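Visitor: Please take me through one part of this model up close. I would like to see how it sits in its surroundings.

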Amino acid sequence: MAVIEIENLTKDFAVGFWRKRPVRVLDDLTLEVRAGEIFGFLGPNGAGKSTTLKLLMRLLFPTSGSARILGRPAGDPAMHQRIGYLPENPYFYDYLTPRELLAFMGRLFGMGGPSLARKVDGLVRQVGLGESADVQLRKFSKGMVQRLGIAQALINDPEVVFLDEPMSGLDPLGRMEVRRIVTGLRERGVTVFLSSHILPDVEAICDRVAILNRGRLQEAGTLEDILRARIAGHELILSGWTDATLELLRPWCSEVRPMGERLHLRADDRENLEAVLRFVFAHGLELVSVNPIRPSLEEYFQTLVVGS
Amino acid sequence: MNRILAIAQNTFRETVRDKILYNLILFALVMIASSLALGQLTLGNEDKVILDLGLGAISIFGLLIAIFIGIGLVYKELEKRTVYALLAKPVRRHELILGKYLGLLLTLAVNVAVMTVGLALALAYTGRAPAGAYLRLLPAVGLIFLALALATALALLFSTFSTPALSALFTFFIWVIGHFNADLARVGKGSAVGEALGRTLYYVIPNFSNFNLIDGRAVLQTAGYARPIEGWAVAGAGAYAVIYIALLLAIAIVIFSRRDFK
C-alpha cells in the first residue's frame, strides 16, 4: 500500500528583484512510498530534496501537481496528527529546554498530563539527551539540536516520519545512533522518508531510494536494482597461469595484474568476459572467482552529478 | 483552541525569558519614580504631574515592548526556521498567528500591570490623591492597554510580510500619525484630491487619540475639573479597538496563510 503518493509535483520560485522570473526547483516529480519501508531520498545539495519535503509539509504551495500522505491531501491538518517531520538544519526555541520543547510540541497534538510527561522522558532518553533534558537549548551543540529534532518528530508516535538530512551535523557515533533509531522505527512498522546525501548511511538502512538531481527524478527503486544496471565489467581471479597464457589473455582484458600465484583480470563487457572464460576452460586454468564490478552508490552519484 | 493556547503560552514564555523586556520595564519604573521629583517642582499639581508622566511612561514603554517584541516574534519564527517544525504539526496557520498575538497580549498585560502598580505606589508616596483616583486609574490604564493591543496587532501584521526594521518604522509612524488623526480629516482642504486622500487616511489609520480619554486630571477629579469619565466613551473606544484588531489580524492571517516558507 502506498503511504506517500506524489504526482507530477512541480515548484517554481520567482527570482530577481525587479523583473521576477520563475526558476523551476522541482520538475514533475512522481513517486510512491510503500507502508513500512525506509525510503531514501537522495540528491546533491540543491537537487530539490528539501523543497519536496516542504511541499509535503505544506510549508510551500506547489506550482502544479499534488501529494497525498496516508491517503489524505498534504495540507490536511488531521493527517498531520499522524506524521512527524524533522526539518533540515533544525532550529528550535533556544529559550526552552528539551523537556519544555517536547511538552509544547506534544500539546499541539492534543497530548497532555502524565502520559505526555512519560512520553517526553522516554524520548529524551531514546535520543541520548537524558542528562541535558533541563538545559536551555542555547547551550546545545548542533548535534544535540539534531537529536532533539528527531525526538520532536516522534512525539506523537507517527505512522510516517519525514527526516530531512537527519545525519548532518552528527559525529560517527551520533550517525550510528540515528541509524539505530530509524531501523527501530521500521521494526515498529513506521514508514520513514529520509532525505540525505550521506550515502553510506543510506546504503546501510534504506529499502528503496529515489535519486533527484536538479529538480528531476533520475531513478527510483531498490539500490540493488539501480546499481546492478550499472555493472562496469567483471573482475576474474585465476590461478595456474603462465607468462604465455597471460599474454594470450591480454587482448580481452582492460587490466591484467599478477599477484603471486594469482592473476587478477578485468573484462569490461560481456563479450570479453565470455572470451576469457572460454580460454580459461579450454586451457585448463583454475577459475578462483568472477565478480561483477558494481559502482558504489558514491561513484554512481558522482557520475550522475558530473554528467549533468 | 488548545493549540492556540499552547502557542500563546509558549510565546509568553519566550518574552518573559527575553532580557529586553526587563530593561524596558526597569526604564519605565525609573521614569515613574522620577516623576516624583518633577512633581515637587510644581505647586499643588504634584499628583497630576505624576499621573500624566506615569500614564505617558506606560504608554511609551508599552509601545516599545509591543514593537520590539511583537515584530521580532513572527520574523524570528521565519528567520530561525522554528516555524517549519511547528507548521508540520497539526497546527493551522491562523492558529499560529492568533496564538502569537494572545501570548503577546498576555505579556503586555503583565507589563502594564507592573507599571500600573509602580504608578499607584508613586501616587501613594505623596499621599494626597483621593481614594477614588486609584480606582479611576484602572480605566485610564485599560484604555492604554487597548491602544497597545491595537499597536501590537499592527506590528504583527507588518511582520508577516516585512523586515523587522521596516515593520518597526511602519508601526511607530502609524502610532504617531494615529494620535493626530483628527487633523488628517482637515488635510488637503480646498483640493478635491487632497481632501479625498486626507479622508481615506483618516479612516484607514487607526485613531489612537480615541484612547486618550482619561488624563491625570480626570483620574484625580480635582477641583476645577468637573468632567466625569464617560462610560460610553470608554466602551466605544473598546469596541473600536476590538473591531480594528480583528480586521488587522484577519489581514495578517490571509497574508501568512498564503506565504511560501522557502
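Guide: Start at the interface, where 24 residues of chain A are in contact with 20 residues of chain B. Contact here means C-beta atoms, placed from the backbone, within 7 Å. The model is predicted: local features need pLDDT of at least 70, side-chain atom pairs count only at pLDDT 80 or more, and totals for chains, interfaces and linings use all residues. Residues are numbered from 1 along each chain as its sequence is written, while chains are lettered from A and ligands numbered from 1 in the order in which they are written.

On the side of chain A that touches chain B, the elements giving two or more residues are α2 (77–80) and α3 of chain A. The largest share, four residues, comes from α3(A). Helices are DSSP runs of H or I, at least four residues, numbered from the N terminus.

Now look closely at α3(A). This helix covers residues 98–108, and nine of its eleven residues are buried, so it is largely enclosed by the rest of the structure. Buried means that 20 or more other C-beta atoms lie within 10 Å of the residue's own, with C-beta atoms placed from the backbone. The buried residues are A:P98, A:L101, A:L102, A:A103, A:F104, A:M105, A:G106, A:R107 and A:L108.

What covers them? The cover includes α4 (113–126) and α5 (142–153) of chain A, together with α1 (2–16) of chain B. After α3(A) comes A:G110, with a positive phi near 80 degrees.

Notes. Buried ≥ 20, exposed ≤ 12 C-beta atoms within 10 Å, placed from the backbone. Contact = placed C-beta atoms within 7 Å.
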